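Here are my notes on the model, as numbered points. Please read them with the structure open.

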Amino acid sequence: MRLPWLRHIRTRLTLWYVAILAAALLIYGGSTCAIVLLQLRTQVDQLAIEDLETVEGILTFGADQKLHVREDYHDHPYSEEMEERYLEVRAEDGTLLYRNEHLGERALGGKPEPGEGVNTYSPRSGRLADGTRIRLISRQHMINGHPTLIRLAFSEEPMWQRFWQLAIGLLIGLPFALGVAGAGGYFLARRALGPVERMARRAREISAEQLGARLHVENPQDELGLLAHAFNETLARLEQSFEQLKRFTSDASHELRTPLTAIRSVGEVGLQREGNPEHYREVIGSMLEEAEHLGRLVENLLTISRADSGQIRLQKSALNLTPLVREAASLLEVLAEEKGQSVSIDGDAAIGVNADPVVLRQIVINLLDNAIKYSPRGGRISVRIGQKDANTVCVEVEDSGSGIPAQHRDKVFDRFYRIDDARSRDAGGAGLGLAIAKWGAEAHGGKLELESREVGCVFRLLLPVS
Ligand code: ADP
């Protein structure tokens, strides 16, 4: 469960930032203290070694075989300092030979440990009986021919005091440093994320009616600028699709209204006067013709909307192209005959494609239907099926019609686009045939090209070879 005050990114960012900074400062402070402690201890060891050498010079065995501090000790330049050290001297067997005043009754360790101070200075840390922390250096020396172990110790209390002063100073400073950094971090995060809030507010205002509105891009180079730009691009695409959809709906309604009005008016006129069966047959015939047109239109609209929503799944199979084209042409034979047109089909029967036969047949029918519609009486339509290159097969439909003027060539593939509205409508076209053919070609990974000549035009369907 997320706490309500953690809702904002700026709060979470600041908390993360403060937590990471605290961890970094603790690691840094801890290692600084440890280094300082080690350095101080090394210095203490160094001092202790020097002092131990001095001590060795002022010890001597008297005639009574007892250890004495030399008479001139008090004149020694280090004498005062030496009094602050803890000093203990033991014989090889551990017998206590000397302890200075400062140490008194306290012991600097018991019997010599094995190898302690033999040819080297042995340092170690410990505590006196009263709990004082000390740093002890010991070394074996021959004094007047007697092997003795000299132990010299410094109190570590001043060193630990300095350590704790440093550590506590750092710890006290930590919350202040984190507070300042946190406040700065929060301010920066708030500033940096400000545009996001403004973008969200603006985006909330954009509704379907205002798809033309765009987010304000404050700095196109930074991440938020890129986000705003991407959002604007999405809006532009949405606007375009929305416009397309609106246009499609209004064009479709318009197209549907025309045959419906025609059916109604033919029916009304037919009913206005009493007539013989011949008259009614004529009226019903006209109505059926319009109904057939309406049916075709609805069929095309359905194809387009199902293609748009991705509902059409191509059922591809290996096909021979020429027989399929011949079959499609035979369906339109009557129309061509009515206009006294000739339709020739040339092609290698073996040319094959991997395609959906229903969609492919629809493409060929649409192209042939147009060629017949827009070619004059007695015109010539020729279909050539061949291999364009190693990877592409081609179906060319050439007619002898009026051709398509250059300014319309790109647009004829748009939905509901007709060059000559009246002529095309009379011919029964709603401007969907080429749009469907183009979609079918592209769905198969191919394309539909148009080449218009002085007389007639050529539609070229290119498909990948099977
Ligand atoms: P329609 O159903 O109106 O024929 P199409 O999408 O098939 O719709 O064609 C769009 C427009 O392109 C037609 O209205 C017509 O003006 C033009 N057109 C299509 N094919 C030909 C052609 N073979 N010759 C001349 N014009 C054509």
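1. Helices (H or I, at least four residues) and strands (E, at least two) are DSSP runs, numbered from the N terminus. Asn 366 sits in helix 7 (residues 357-374).

2. Some ground rules. This is a predicted model: local features need pLDDT of at least 70, side-chain atom pairs count only at pLDDT 80 or more, and totals for chains, interfaces and linings use all residues. Residues are numbered from 1 along each chain as its sequence is written, and side-chain values use heavy atoms, with hydrogens and water left out.

3. Back to Asn 366. Its relative accessible area is 10%, so Asn 366 is buried (buried means under 20% relative accessible area, exposed over 50%, partly exposed in between; 1.4 Å probe, protein chains only). A polar atom of the Asn 366 side chain lies 2.9 Å from the backbone oxygen of Gly 433. Neighbours within four places in sequence aside, Asn 366 is in contact with Gly 433, Ile 436 and Ala 437 (contact means heavy atoms within 4.5 Å).

4. Now the hairpin. Strand 3 (residues 86-91) and strand 4 (residues 96-99) run antiparallel, joined by 3 bridges (two strands pair if DSSP finds at least two bridges between them). Arg 90 has Leu 96 in strand 4 as its bridge partner. There are 4 residues between the strands, and Gly 94 takes a positive phi near 100 degrees.

5. The structure holds 31 salt bridges (a side-chain nitrogen of Lys or Arg within 4 Å of a carboxyl oxygen of Asp or Glu). One of them joins Glu 88 and Arg 90, at 3.0 Å, N to O. Glu 88 is buried, at 0% relative accessibility. Arg 90 is buried too, at 9%. In a regular strand the side chains alternate between the two faces of the sheet.

6. Helix 5 (residues 277-308) holds both Glu 278 and Arg 281, 3 residues apart, about one turn of the helix. Their side chains meet in a salt bridge of 3.4 Å, N to O. Glu 278 is partly exposed at 49%, while Arg 281 is exposed at 57%.

7. Glu 449 and Arg 460 form a salt bridge at 3.6 Å, N to O. This pair links distant parts of the chain: Glu 449 is in strand 13 (residues 447-452) and Arg 460 in strand 14 (residues 457-464), 11 residues apart. Glu 449 is partly exposed at 25%; Arg 460 is buried at 14%. Through shared partners, salt bridges join Arg 384, Glu 396, Glu 398, Lys 447, Glu 449, Glu 451, Arg 453 and Arg 460 into one network.

Technical notes
Polar contact = N/O pair within 3.5 Å; in protein donor to acceptor, adjacent residues only side chain to side chain.
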